[in-house]
Every structure is written in C-alpha cells, then in structure tokens.
Amino acid sequence: MKIYKLFLLCLSLTAISGCVDLFDNTDTLVYGYTDKQWSLRTKATEIAGSLDMYYYSVAITGSEEWRDVDHLIFMDLMSRGSMGTVFTAASNSEAFSRLCEKHGDTAKSPVGCFSQFSKSDRSIYHFYQDFTAIEVTCEEDFDSNHPAGSSLLDIIHYATDSPYRVLKNNYQIEFKDNSLIVRVTDDKFLSEFFGDEPVYRQLFNTFKKGTDVKPEDMTILGNIFISFDKYPDVIEPKHIRIQMTADTGEVYSFDTVLTFAKVK
C-alpha cells in the first residue's frame, strides 16, 4: 500500500506527465524503454483493497456505484516480475537512441524525466513498441448489442499517461481536453496528499472513449486502464480479450476475466 500511495501521489501531483524525477544519465523526457509486456490486474485478482483500483473506478466513471465493482482492467507494465530487456542511455544505448529519434525526444527536457512512478520505484520504463489500433472483445455475449466476439470499444474508456503527448505539445504537461481531471477533495484517499494544493488535478493526460482512441494515444505507453461503462445483460464472469496492433504489424493479445460483481 505504501508503494502504491507513493505512485498515486506522484501521479496526482503532476499527472504522471509532470512527475519530475531527474536522473544523471539522461537528458531526454523518456528515461528508458522495456520489452516486458503488460500484466493484467483486476479487483478480483487482488487482495481486497490492496491496489486501490477502487479510486480509479470512481474517477474514471464519475460514479461511486463502480467503486467495488469488478469492471476495471489495469494493464500494469512494470510493477511485477522481471524487468525484461531495458533500453536506456546507459544500457542498449543505440536502440534507445533510435527510439528517441523516432519519437522526437532528442533535446534536453525542460521538465526533467517523465516517470510513471515515484523516484523510489524502479518502474520508470515505457514499452518499446508503439501501436496503431486497439480492440476489446468478449468471448461471451455481453449484451443484446454486443454479441460474442464483437467490438466493445463503444462501451469502454481508455486511460493512460504518455510522454508522447508532452513531446508533441512542446513539453506541456497539463491538458484540458481528452484528459481526466478529478476533484481531489471529493476523495479522502486523494485529498490526504494535498492539503492546500488546488482542488482539481489531472489524473491522466489521455482519457478517451474506446472508439476515439488514435495511434498517437498509443505511442510511448506505460500503464493503461480499460474501464467498462456499463454492465453486461447477465452479471457473470466475462472473458475479455484486449488486442493491440503495433506499428510493426505485430499483434499483442491479453486475456483476463471480469465478473462485473461487487468485490468484497
């Protein structure tokens, strides 16, 4: 819980995109990349209350109704298991330089290093591939409008925080459009960190309905949240598949189960 609260503090204070951790071995906005793929986490797979995805449910949906419901998928890039192969200025530097060139991340960053987590955590990497498309489907019938195997993009929201948006906007870190801004004082867990800080904070710099997600929203990715906006017709476990197509043509598939029931 302590590590996660540090993450949320960093995330909320500067919307991840402004979490400025300066590292001696990089001048670029992105500290490093990894080829380690995402692990999928849900409320039902966690020890009750251990991950505080409950707070994200309320923020993303704007409703307390979803706090305890198993409807949210956390695509966790780095916090579990091995680090995979990493690409930084100090390690695999040629590959790192190519990625920096690709993304236009070649000048000294005026806002420091873009970090997914707090400085005390190692999870400061982003995935080394970029994506052009995302699809979300269900193995079972979801509802009358979404039979098995059909696209669910129109009933999900996609939330992430990418340094690419910062790079494309001349190192701007706060955004008013297509971002998720929350009223901090509406939640005790969030408000305990701020004191006299402004009431509103940017939680994600990219927040869109699934059908509105574009390739630029899937460039230089860290953690991702996929949130369902509605219940299925039948409240029962649903086998959800997320497919992401890289700009190389490679397709990545991730499977998990959501119950859409309340998690105790």
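Buried, as used here, means under 20% relative accessible area, exposed means over 50%, and partly exposed covers what lies in between, with a 1.4 Å probe and protein chains only. The structure is a predicted model, in which local features need pLDDT of at least 70 and side-chain atom pairs count only at pLDDT 80 or more, while totals for chains, interfaces and linings use all residues. Residues are numbered from 1 along each chain as its sequence is written, and side-chain values use heavy atoms, with hydrogens and water left out.

Because Lys-102 lies in helix H3 (residues 93–103) and Asp-130 in the loop between strand S7 (125–127) and strand S8 (131–138), the pair ties together parts that are 28 residues apart in sequence. Helices (H or I, at least four residues) and strands (E, at least two) are DSSP runs, numbered from the N terminus. Lys-102, for its part, is partly exposed, with a relative accessible area of 44%.

A second pair joins Asp-143 to Lys-230, whose closest N and O atoms are 2.8 Å apart in a salt bridge. Asp-143 lies in the loop between S8 and strand S9 (156–160) and Lys-230 in the loop between strand S13 (224–228) and strand S14 (238–246), so this pair ties together parts that are 87 residues apart in sequence. Asp-143 is buried at a relative accessible area of 5%, whereas Lys-230 is partly exposed at 30%. Salt bridges that share partners also join Arg-41, Glu-46 and Asp-76 into one network, and a search of the whole structure finds 12 salt bridges. Among them is the one between Arg-67 and Glu-64, with closest N and O atoms 2.9 Å apart; Arg-67 counts as buried at 18% relative accessibility, and Glu-64 as partly exposed at 48%.

Lys-36, in the loop between strand S2 (32–34) and strand S3 (39–41), is buried yet has no salt bridge, and the nearest side chain of opposite charge, Asp-76, is 6.3 Å away; in this count Lys and Arg are positive and Asp and Glu negative, with His and the chain ends not counted. The side chain of Lys-36 does reach the backbone oxygen of Leu-77, at 3.2 Å. Leaving aside neighbours within four places in sequence, the residues in contact with Lys-36 (heavy atoms within 4.5 Å) include Leu-77, Met-78, Arg-80 and Phe-127.

Thr-219 lies in the loop between strand S12 (206–209) and S13 and counts as buried at 9% relative accessibility. The side chain of Thr-219 reaches the backbone oxygen of Pro-215 at 2.9 Å.

Helix H2 (residues 53–61) is largely enclosed by the rest of the structure, because 7 of its 9 residues are buried. Just after H2, Gly-62 takes a positive phi of about 75°.

Notes:
Salt bridge = Lys/Arg side-chain N within 4 Å of Asp/Glu carboxyl O. Polar contact = N/O pair within 3.5 Å; in protein donor to acceptor, adjacent residues only side chain to side chain.
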